[in-house]
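Let's take a walk through this one together. Have a look at the fold below, and then we'll start with a pocket.

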Amino acid sequence: SLRTITVFVIGEVQRPGSYAVNSLSTVFNALYVAGGPNTRGSMRNIKFIRNGKTSDTLDLYRYLLEGDKSQDYRLEAGDTLFVPPVGMKAAIAGEVLRPAAYEFKGKVTLKEVVETAGGILPSAYTQRIQVDRVQDNKRVLFDIDALKLAVEEKSEIEILDGDTIFVFSVLDIYRNRVTILGNVKRPGIYELKPDMRVSQLVEEAEGIFDDTYLNRAEIYRLREDSTTEIIPFNLSDALSLMEGAD
């Protein structure tokens, strides 16, 4: 039959104190009823104390990130869970699977932080990762080539307590697209193919309507200096060139 036991959850938790739980409760049950570690509490160095001695040091990341419940011990009367202040932390933001601030035990490398965050997303700009750090009472930035993370000598870049890592995204700019608008059957954005001509683009848009004015059309082209160039042309001539090629 079930009986009630008293356990203690103290330290940096949301609701520290003693709790009456049933005899089938586990460590994770006790942490749950106490609200879990607060923003100052460690998730990787929780002391499980039984009979006045530390029986084990619990790492919640093993459960939360890997599904490992091997440390979810059955509680006994008088057991204590002590959550100390958080240890070394580093944050990672941007194009990673799980952007967040993470706690680490001991020395940690940039590659390990990226792996803890679930890895870099396909939309990431892989030529630069930026680290924001407070060093010698000053805030400094330094950039790292993300592609070199796989190289052995670059994978051991040490991350320090309080670092913030930024993984940027690729620019939302296309290098091979054109837009056709106006009196065509399917206006919109199309792939710019090698040596593409106006007549080919019109054909991609399934042609023009019968009432189209053929004596003039315009190409709007962005120059390298970001100014726009307008190129007028005779649409009828452009289309007849295509028909002549056929």
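The largest pocket is lined by 36 residues, and Val-178, Thr-179, Leu-201, Ile-219 and Tyr-220 lie nearest its centre. Bear in mind that this is a predicted model, where local features need pLDDT of at least 70 and side-chain atom pairs count only at 80 or more, while totals for chains, interfaces and linings use all residues. Residues are numbered from 1 along each chain as its sequence is written, and side-chain values use heavy atoms, with hydrogens and water left out.

Back to the largest pocket: its volume is about 1,300 Å³. At least two lining residues each come from β13 (177–180), α5 (198–204), β15 (217–222) and α6 (235–245). The top contributor is β15, with six residues. (A pocket here is an open set of points on a 1 Å grid over the protein atoms alone, where a 1.4 Å probe fits, with protein on both sides within 12 Å along at least five of seven lines; lining residues have an atom within 4 Å of a point. The volume is the space filled by probe spheres set on the points, which are joined across faces, edges and corners. Helices, H or I of at least four residues, and strands, E of at least two, are DSSP runs numbered from the N terminus.)

Now for a sheet. Five strands form an open one in the order β7-β6-β12-β9-β10, with mixed pairing (two strands pair if DSSP finds at least two bridges between them). β7 (100–104) and β10 (138–144) each have a single partner strand, so one side of each edge strand has no neighbour in the sheet. β6 (residues 88–94) runs antiparallel to β7, joined by five bridges, and Lys-89 sits opposite Glu-103 in β7.
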